[in-house]
Amino acid sequence: MTSVIDPNPEASRPEPGSDNGPSRGAGVLRPDGARLQVGVAVVWLSLIVLLPLAAILWTSIEGGPAEFWNSVTTPSALASFRVTLTISVIVTVINVVFGVLIAWVLVRDDFPLKRVVDVVIDLPFALPTIVASLVLLSLYGPGSPVGIHIQHTAWGVGLALAFVTLPFVVRAVQPVLLELDSEVEEAAASLGANNLTIFVKVILPALAPSLLSGAGLAFSRAIGEFGSIVLIGGAIPGKTEVSSQWIRTLIENDDRAGAAAVSIVLLAISFVVLFVLRYFGARAAKREQAAR
């Protein structure tokens, strides 16, 4: 016998919201599984981030608000903040410029050993920071093979910070450059726009969110860096001593509350900078999507 085929395919199709079939867009995991995932994530985040932050915050205020204020407003602490923030801002601006340039070259140009250069960009992530300081000291310290001596100078601290923070900008911008539609640039060029206009009006708005995010990460890493500057910086008070080195001095003098207070200030600065830059980055992303 031959089976009769229903000529109306809609007759066997389940109605939306009915119980005859799986609802469209339903999650794969059951609610209890989702709750378990959230619980595990919260516990892990608490152990790795929240509890240590709560502990250092408690240590910083255990002597009272007056003691906290005295610790972060001593001449040495203020001098370390000034050195740290000044050099970190300058290094971040430099890395934004050269980070975009390097990312552009890696994405848009072909040259020998391109993959090797791309791997070298990530070297500061893998290299122990104390090794980076030793390398910089060997290259730019006493007896420099290139004739440049910048040990115990702000230039040496800036160079060390630039070395360890450059990948944050490059890796933030590079994926966006890969996804940019070249037809938009070609259309702008066909309308008579020069290269600078195309970059400022077409490319830079698309890069703004990722560029701000990379700059924020680079700045936050710079103000908390220690290992890469410990040898080449010299920790000269008011000149090359950054806040992380001042924290070490406080710990060596058994002033844990003072060290925690200075750490909280650095943490607060990092948080505010990241929050503000990501806020403006999100706004730039919304404007870019609206323009499309």
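## Report on an all-helix predicted chain

Residues 152-170 are 89% helix and 0% strand, with the end C-alpha atoms 28 Å apart. This is a predicted model, in which local features need pLDDT of at least 70 and side-chain atom pairs count only at pLDDT 80 or more, while totals for chains, interfaces and linings use all residues. Residues are numbered from 1 along each chain as its sequence is written, and side-chain values use heavy atoms, with hydrogens and water left out.

**Overall make-up**

The protein chain has 11 helices and zero strands. Helices (H or I, at least four residues) and strands (E, at least two) are DSSP runs, numbered from the N terminus. Of the 292 residues in the protein chain, 33% are buried; buried means under 20% relative accessible area, exposed over 50%, and partly exposed in between (1.4 Å probe, protein chains only). Among contacts with a separation of 6 or more, 73% join residues 24 or more positions apart, a contact being heavy atoms within 4.5 Å. The accessible surface of the protein chain is about 18,300 Å², and carbon and sulfur atoms account for 67% of that surface. Accessible areas come from the Shrake-Rupley method with a 1.4 Å probe; for residues, only the protein chains shown count as cover.

**Annotated spans**

An unreviewed UniProt entry lists residues 38-61, 81-107, 119-140, 152-170 and 257-277 as "transmembrane region". Positions from UniProt are given in the numbering used here, feature names are shortened, and annotations may be inferred rather than shown by experiment. One of these spans, residues 257-277, is 100% helix and 0% strand in the model, and its end C-alpha atoms lie 30 Å apart.

**Nonpolar cores**

A nonpolar core is a set of buried Ala, Val, Leu, Ile, Met, Phe, Trp, Tyr and Cys residues joined through side-chain atoms within 4.5 Å. The largest nonpolar core has 21 residues, and those with the most contacts inside it are Val170, Val173, Leu177, Ile203, Leu207 and Leu211. At least two residues of this core come from each of α3 (75-108), α7 (154-179) and α9 (195-223). Helix α9 gives the most to this core, with seven residues. Leu207 touches Val100, Val173, Val176 and Leu177, when residues up to four places away in sequence are not counted. A second, separate core has 13 residues, including Ile150, Val157, Leu161 and Ile229.

Gln174 is in helix α7. Gln174 counts as buried because its relative accessibility is 11%. Leaving aside neighbours within four places in sequence, Gln174 is in contact with Ala103, Leu106, Val107 and Asp118. Gly99 is 75 residues from Gln174 in sequence, and the two C-alpha atoms are 9.2 Å apart.

On the surface, Val43, Trp44, Leu45, Leu47, Ile48, Val49, Leu50, Leu51, Leu53 and Leu267 form a nonpolar patch with about 920 Å² of accessible area together. Patches are made of residues with over 30% relative accessible area and no salt bridge; like charges are joined within 9 Å, and nonpolar side chains (Val, Leu, Ile, Met, Phe, Trp, Tyr) within 5 Å. A salt bridge is a side-chain nitrogen of Lys or Arg within 4 Å of a carboxyl oxygen of Asp or Glu. Helix α1 (residues 31-61) supplies the largest share of the nonpolar patch, nine residues.

Ile61 is also placed in helix α1. The C-alpha atoms of Ile61 and Ala261 are separated by 7.4 Å, although the residues are 200 apart along the chain.

The table gives the relative accessibility of selected residues.

| Residue | Relative accessibility | Class |
|---|---|---|
| Leu45 | 43% | partly exposed |
| Ile61 | 41% | partly exposed |
| Leu113 | 63% | exposed |
| His152 | 40% | partly exposed |

Leu113 is in the loop between α3 and α4 (114-121), and its phi is near 65°, a positive value in a residue other than glycine. His152 is in the loop between α6 (129-140) and α7; phi of His152 is near 65°, also positive in a residue other than glycine. In helix α10 (residues 243-252), the buried residues include Ser243, Ser244, Gln245, Trp246, Ile247 and Leu250. Asp254 follows α10 and has a positive phi, near 60°.
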